[in-house]
2 protein chains.
Amino acid sequence: MDTEKAIDKAEHNCLEHGVKLTPKRKSVLEILLESKHPQSAYEIADLYQQKLAEKIPAMSVYRMLEFLIEQGLVHKLASTNKFLACSHITCTHSHKTPQFLICDNCQTVNEIGIDSSLIAALEQSISDNHFKLSSPQLELHGLCEACQTN
Amino acid sequence: MDTEKAIDKAEHNCLEHGVKLTPKRKSVLEILLESKHPQSAYEIADLYQQKLAEKIPAMSVYRMLEFLIEQGLVHKLASTNKFLACSHITCTHSHKTPQFLICDNCQTVNEIGIDSSLIAALEQSISDNHFKLSSPQLELHGLCEACQTN
DNA sequence: ACATTGACGTTATATTGTATCAATCTTGTT
DNA sequence: AACAAGATTGATACAATATAACGTCAATGT
């Protein structure tokens with residue numbers, strides 16, 4: 001994944017929405033783009049300090065993550081309390097239900113695109129229960145290809 | 001939902017599996033069965049104290065929850081860090097993928113049974129990504145029927 | 001220039017969860 | 001009954017995650 005391209009896209013995106021991708025916000029996004037695995041807010045604070053030789057309060061990291069999540073640039077994994085850059089930042093297609101395959105062994109996460117007809121069927125099944133989905137996000141735990149063979 | 005019947009079933013269940021549903025574990029399960037909403041571990045500790053006029057350490061609550069989850073009697077909602085009794089304790093059919101519709105307004109949770117062919121398709125889509133699911137659990141946030149109209 | 005707003009810092013505190021070791025209770029066996 | 005072994009629970013400490021409240025400063029528009 002091309003970090004630079006993603007950052008460009010993110011900046012463009014923020015401009016369009018009339019919000020600011022400040023240097024610190026950008027750094028946090030960069031850190032997540034360069035991370036192989038999802039990171040906790042405190043881990044991000046550590047990485048920030050390593051990378052920029054400057055301390056950052058966890059409180060600030062949470063605020064920046066909140067911003068990035070609002071802009072759809074970052075996702076939070078509720079099941080692990082960690083954060084990761086949206087892997088579709090550079091895509092043109094509109095974002096829908098994010099779906100994550102989380103490897104419980106090596107922690108890598110695959111943000112997949114489940115067949116949209118499947119999602120539609122799922123949503124139908126849900127609306128049959130008279131329920132109105134807000135932002136569906138599927139987090140599925142298991143083992144990735146590499147970890148299955150070990 | 002009939003608490004007593006569920007407790008009976010749970011006891012039977014534990015007997016079959018050669019594990020013990022101790023009085024405290026039973027109390028924790030009762031508390032969840034009688035709760036309208038999912039509860040955090042610390043909330044359960046408070047309810048326990050109210051109900052039994054006896055303090056219980058949070059650590060113990062966590063252990064009892066762990067036990068109850070292992071027995072499939074309780075679920076943990078990863079997205080909210082709360083616990084709830086499985087609403088299918090008294091059912092005879094085998095338990096599969098638990099799926100929760102969580103109302104973000106009133107906190108009620110509906111444990112639904114999504115069409116099994118749908119789940120099968122979802123799992124197919126996942127195995128197409130060379131991923132091996134461990135215990136799929138879907139947590140879907142939104143608004144329940146009652147809260148949509150308000 | 002001035003007021004307003006947003007971004008960020010600072011501190012404190014709440015909430016959720018785990019590690020560790022001691023005490024107690026069960027159970028099976030002798 | 002007496003004992004050993006294991007499971008259960010208590011007690012204490014602490015780690016990890018998250019939010020609240022308030023202050024400062026800079027950017028922005030009027």
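Reader: How far apart are the C-alpha centres of domain 1 and domain 2 of chain A?

Author: They lie 22 Å apart. Keep in mind that this is a predicted model, where local features need pLDDT of at least 70, side-chain atom pairs count only at pLDDT 80 or more, and totals for chains, interfaces and linings use all residues. Residues are numbered from 1 along each chain as its sequence is written, chains are lettered from A and ligands numbered from 1 in the order written, and side-chain values use heavy atoms, with hydrogens and water left out.

Reader: Ok, which residues does each domain of chain A cover?

Author: Domain 1 is 1-92 and domain 2 is 96-150 in chain A; the bounds come from an automatic or database domain assignment.

Reader: And how much area is buried between domain 1 and domain 2 of chain A?

Author: About 860 Å², with carbon and sulfur atoms giving 57% of it. That's the accessible area (1.4 Å probe) that two parts lose on being put together, summed over both. On the domain 1 side of chain A, H37(A), H75(A) and L77(A) supply 42% of the area buried against domain 2, more than any other three residues.

Reader: How many salt bridges and polar contacts between those domains?

Author: Zero salt bridges, meaning a side-chain nitrogen of Lys or Arg within 4 Å of a carboxyl oxygen of Asp or Glu. There are six residue pairs in polar contact, both at pLDDT 80 or more. A polar contact is a pair of N or O atoms within 3.5 Å; within protein, one must be able to donate a hydrogen and the other to accept it, and residues adjacent in sequence count only if both atoms are side-chain atoms.

Reader: Switching to the two chains: how many residues does each put into the contact?

Author: 33 from chain B and 33 from chain A, counting heavy atoms within 4.5 Å. Chains B and A bury about 2500 Å² between them, 67% of it on carbon and sulfur atoms. L118(B), F131(B) and L140(B) supply 21% of what chain B buries against chain A, more than any other three residues.

Reader: What about salt bridges across that one?

Author: Zero between chain B and chain A, alongside eight residue pairs in polar contact (both at pLDDT 80 or more).

Reader: Which strand of chain B pairs with strand 5 of chain A?

Author: Strand 6 of chain B, antiparallel, over two bridges. Strands here are DSSP runs (E, at least two residues), numbered from the N terminus, and two strands pair if DSSP finds at least two bridges between them. L133(A) has G142(B) as its bridge partner.

Definitions and conventions
Helix = DSSP H or I, 4+ residues; strand = E, 2+ residues; numbered from the N terminus.
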